[in-house]
Amino acid sequence: MLLLLSIVAFLYSSVGHGGASGYLAVMAIVGISPTLMKSSALIMNLAVSLFSFLGFYRAGFFKIKLFWPFAITSIPLAYLGGTMTLSDAIYKKILAICILISIARLLYQFKQEETENREVPLWAGLTSGGVIGLLSGMIGIGGGIVLSPLMLLMKWAKLKETAAVSALFIFVNSLSGLYGQLVKGNIQIPENLQWAIAVTIFGGLLGSYFGSQKFNLPTLRYLLALGLVIACAKLIFT
């Protein structure tokens with residue numbers, strides 16, 4: 001499981017993601033309960049998304065004007081989502097949908113556009129940020145797997161600009177969602193979590209470095225996508 005977590009962190013951080021959907025998929029495959037999965041994934045997400053953001057920020061790809069329209073509503077709603085308690089059945093189905101989005105993001109490689117970015121409409125940023133934030137807090141992800149394809153499809157940002165914004169977006173949402181769980185008393189930390197955090201930090205550091213320096217490993221992406229498909233099937237049918 002530790003090897004899988006490090007690979008997930010490496011690949012997700014290379015595109016500016018914290019990897020929570022991947023960590024949740026790994027934990028689902030090995031049979032960890034949803035109550036443990038949610039808080040554990042957010043804690044791992046915090047470390048990896050922060051290092052991912054720092055890598056892209058230092059490379060000059062972060063733009064605050066692309067970040068704040070989404071974050072201003074996502075942060076309070078991620079907290080609200082973190083206070084919510086879902087039944088295991090509903091939790092698994094919502095998580096399966098998010099993993100499917102993650103699979104699509106891994107398999108479809110967006111091409112770098114040379115055209116100018118479109119301006120992010122304020123209403124679109126606030127609305128989408130709020131919806132993604134609520135979803136993030138509810139199931140224990142940072143929301144980057146939804147935000148980054150949205151930004152790229154709408155041509156609001158270039159590839160690495162999107163990665164930089166997504167990484168910070170994931171960090172603040174994970175922190176807010178985790179705080180919501182803490183206030184509600186829903187946090188349950190499994191034993192030996194420090195080892196999981198250690199390997200995800202290691203994988204995240206490597207991924208953010210190579211990702212910000214024009215890096216691509218299509219074969220590993222396909223293998224990770226296959227693992228996510230297995231996890232998705234397990235969540236839907238068990």
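Predicted model: local features only at pLDDT ≥ 70, side-chain atom pairs only at ≥ 80, totals over all residues.
1. Residues are numbered from 1 along each chain as its sequence is written, and side-chain values use heavy atoms, without hydrogens and water.

2. Of the 238 residues, 51% are buried (under 20% relative accessible area, 1.4 Å probe, protein chains only). Among contacts (heavy atoms within 4.5 Å) between residues at least 6 apart in sequence, 87% join residues at least 24 apart.

3. There is one cavity of 30 Å³ or more, a cavity being a set of points on a 1 Å grid over the protein atoms alone where a 1.4 Å probe fits but cannot get out. The largest cavity has a volume of about 70 Å³, taken as the space filled by probe spheres set on the points, which are joined across faces, edges and corners. Its lining has 13 residues, and the closest to its centre are Ala20, Gly142, Gly143, Gly144 and Ile145. Lining residues have an atom within 4 Å of a point.

4. Helices α2 (20-29) and α7 (144-153) each supply at least two residues of that lining.

5. Asn45 lies in helix α3 (residues 34-58) and counts as buried because its relative accessibility is 1%. Leaving out residues up to four places away in sequence, Asn45 touches Gly18, Gly19, Ala20, Tyr23, Ile141, Gly142, Ile170 and Ser174.

Conventions. 1 Å grid on protein atoms, 1.4 Å probe; cavity = no way out; pocket = protein on both sides within 12 Å on 5 of 7 lines; lining within 4 Å. Helix = DSSP H or I, 4+ residues; strand = E, 2+ residues; numbered from the N terminus. Buried < 20%, exposed > 50% of the residue type's maximum accessible area, 1.4 Å probe, protein only.
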